[in-house]
Amino acid sequence: MIGGQLTAFYVVVGAYLALVCGIGLYNYRRASTEEGFFAAGRSLGPLLGGATLMANQVSAGATIGMVGFHYFSGISYAWTWPLTWIGWVVAALFVAPRIRRIAGLTLPDYFAARFESRAARAISAVFILVVYAMMLSAQYQAGGLLFGLVGGMAYPRAVLLVAGITTVYTVLGGMYSNAYVGLLKAVLLLGGYGLAVPFLLSHVGGIHEIGSALTAIDPRLSGNWFGWRQLLAISMALGLGLAASPYEISAIYSMQSRRATRLAIGYSFFFQACVGIGVLLFGLSMRVAMPYLPQADHATPVLGMSVLPPAIGLLVLLAAVVTLTRTGGAILLTVAAAVSHDLYGELLAPRASERARVLASRIAVVTFSAIPVALALRQLSLVNFIVIWAAKLMVSFLFVPVVVGLNWRGATRAGAIASMIGGMVACLVWSRYGTPYFLGLDPAEAGVLASALLMVAVSLTTRPVSAEATARFFGSVDAG
Amino acid sequence: MNRARSRGGRPRLAATALAIASVVTTTSPLSSQGTSGASPADVEIRIEVDSAGRTRVTERFRTAADSALQEGRYQLLARPCAVIGAVAIAGDDRTAPLRVASNDPWQLLTDTANVGAGASTIVIQYQVSRPGGGNIPLVVPTHAIPHRDGARTGSIRLTVRLPDPSARVTFPRVVSLPGTNEWQGQFVAIPSFVNVRLSSGDRPCDTAAPTGRDGGLVWRFWLLVAILVLWVPTYQWWAGRTREGDE
């Protein structure tokens, strides 16, 4: 990118950061309580909530990683959008109504309340830390590629810059900033993609022209690069993982009501559909326009800095920056909550003041932000492969204890703990020794299956939780 | 007391934000620089268009920066209204035509005479005839050109010389060089085509019937769009009719 345009890019990114800092400072007092910092005071309505849910899901894995995925593998991965949405319906039907019955802040709060178990809280918090370190490394990697290419920086320096931006963003704002920036992210994505897609199609050609050019390169690009078996496994990991995803549950906690939550999920579908079609056309068009990029994950940065007209390109690049900082922020918030609220506040120092907990959360953000940098510097794989891998781990240890625990009275403390550990171990073992499809199972499926079997088997043979704990989740719902 | 601490914390937080912003600022160039001042290019592509729409394309590759060029395999995205003449490849002191095979809409070009083998520079030249403006296909090696990490610009420089000041390049993004009819940009990958508009009255010719099989991309794409479009109102209708008490 040449000088004037590069300066414009940094000015816009700087203005965005100033805006985020402004929102954060404006809400600093509101975010000085845990409820304010992590749950936005439970004030989000359907539209803001929908933007928040979308903004959580549409990470740099989508705006950079998925464009790169479509660039190298064609259209087939796009089928994961509708398949993944099944997970949202599961969340709307089986998770959101009951989990909002506790005034929780984090997913481990649910484990503590439902299973009356400090161990379940601690295990879930630690597992979340591990998985989200990987998820955050994908954001940093995507950001490093973007800033490295656009800004002409060495990759390690670009990763450090992105980590710094994300950390400042999160420390200042908490969930209040995340919610408003989620709306900004939705507007930028809709606006930028709405302008970029017609430009690309008018120059590269229509869908038929793109299809014929891609088919000649490799017929799988316009057909099935990924088979249905793979797509179902990936979608299950992403979709069911969403239903029990810690940051989506934090967002659900942040909403005004159950009805607002359900409507918000619908709004998020609209935003996601637009983004999904946009990233698909970006990836396919770029494969025709520049068939040999140095890396598939370069597709979005190159699109923004070398292909689109300057103003539209700037919008697309800014949308990518907002996406990775916003999702990175959501992940950091979840991690901060796991450390400060669940490990520090509830287990290590239960008498800590509200102020001490918020301070601990901000320290946790800064500290934890450094760990994924090391992973990002190694560039383990394409950005989207890292996201998928993290999602598989997450669904393996969280889906069953959350969804079954919320909908089956018989789930016990020991069952939940066995389910989490067993699911995680099964997924790891399958990934190491069982791919592809040992016993016909993907690692995520093996993890969920092991998790479910252990949940049922152990729960049936161990002492149930107290009637009070069960009543909090089932009493009035079943009565009504 | 808490409020006082909170106020005291704001400047510190703002200072942190400013520190990060200063890192960002110091990494950006302070003066606007044209691409001519950028890092040296490993690939130079020059396109010269005359007022009749005849176009001459010259692509110059430094093989020291890209050993994969020795393989001598290239491709070109044919466009319905762009008639491409013979494509010649020149090594240090030899010239030969590239052998052409069709893989519609791409043309596969091979250096069967091994002209590029051992040469320090490879030059590919061809002419494109187009009625009016439109797309100019570019010959692209069938591999990625190496990119230097941390380079401010890509290693591929594209220069387009147009017949008059009112003509312009619309794809990919290039900038007009002051005082000339030339447009220039620097890229990390070679674009498969360049689009030019010779004057405001031009009607690009690229409206002819497309060629090649789409491989099912068209129906797959529209089916996907239909599912996504139908899903949203269906779900929202269900969510909206659910009226349950809460909080």
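Author: For 480 residues, a compact globule would have a radius of gyration near 23 Å, and the 22 Å of chain A agrees with that. This is a predicted model, in which local features need pLDDT of at least 70 and side-chain atom pairs count only at pLDDT 80 or more, while totals for chains, interfaces and linings use all residues. Residues are numbered from 1 along each chain as its sequence is written, and chains are lettered from A and ligands numbered from 1 in the order in which they are written.

Along the principal axes, the C-alpha atoms of chain A fill a box of roughly 65 × 55 × 40 Å. Chain A has 20 helices and 0 strands. (Helices, H or I of at least four residues, and strands, E of at least two, are DSSP runs numbered from the N terminus.) Of its 480 residues, 67% are buried. (Buried means 20 or more other C-beta atoms within 10 Å of the residue's own, exposed means 12 or fewer, and partly exposed lies in between; C-beta atoms are placed from the backbone.) In chain A, 84% of the contacts with a separation of 6 or more join residues 24 or more positions apart. (A contact needs C-beta atoms, placed from the backbone, within 7 Å.)

Two helix pairs show the packing. The axes of H7 (residues 118–151) and H16 (residues 354–378) of chain A come within 8 Å and cross at roughly 60 degrees. (Axes are lines fitted to C-alpha atoms, for helices over the stretch in contact, and angles run from 0 to 180 degrees between N-to-C directions.) H7(A) is therefore oblique to H16(A). (Under 35 degrees counts as roughly parallel, over 145 as roughly antiparallel, 65 to 115 as roughly perpendicular and the rest as oblique.) H7(A) and H16(A) cross in the right-handed sense. (Right-handed means the near helix is turned clockwise from the far one by less than a right angle, left-handed anticlockwise.) The residues in contact include A:Tyr140 and A:Gly144 of H7(A) and A:Pro372 and A:Leu375 of H16(A).

The second pair is H5 (residues 80–99) and H17 (residues 383–407) of chain A, whose axes come within 9 Å and cross at roughly 65 degrees. That makes H5(A) roughly perpendicular to H17(A). Here the crossing is left-handed. Among the residues that make the contact are A:Phe94 and A:Arg98 of H5(A) and A:Val402 and A:Leu406 of H17(A).

Now chain B. Chain B has 2 helices and 16 strands. Buried residues are 36% of its 247. Residues 24 or more positions apart supply 76% of its contacts with a separation of 6 or more.

S2(B) pairs with S1(B), residues 43–49, in the antiparallel sense over 7 bridges. (Strands pair if DSSP finds at least two bridges between them.) The hairpin of S1(B) and S2(B) has 4 residues between the strands, and B:Gly53 takes a positive phi near 90 degrees there. S2(B) also pairs with S9(B), residues 121–129, antiparallel over 9 bridges. Follow B:Arg60. It is the bridge partner of B:Glu44, and it stands opposite B:Val123 in S9(B).

Other sheets lie elsewhere in chain B. One is open, with 4 strands in the order S7-S8-S3-S11 and antiparallel pairing. S7(B) and S11(B) stand at the edges, each with a single partner strand, so one side of each has no neighbour in the sheet. Inside this sheet, 5 bridges join S3(B) to S8(B), and B:Leu77 stands opposite B:Trp106. Another open sheet has 3 strands in the order S10-S16-S13, again with antiparallel pairing. Its twist averages 40 degrees from one strand to the next. S10(B) and S16(B) share 4 bridges, and B:Asn135 has B:Asn195 as its bridge partner.

End with a residue that touches chain A. B:Asp214 lies in the loop between S16(B) and helix H2(B). B:Asp214 counts as buried because 21 other C-beta atoms lie within 10 Å. It touches A:His208, A:Gly211, A:Ser212, A:Thr215 and A:Ser222, leaving out residues up to four places away in sequence.

Terms used: The radius of gyration is taken over C-alpha atoms; the globule rule is 2.2 Å times the number of residues to the power 0.38. Two residues are in contact if their C-beta atoms, placed from the backbone, lie within 7 Å.
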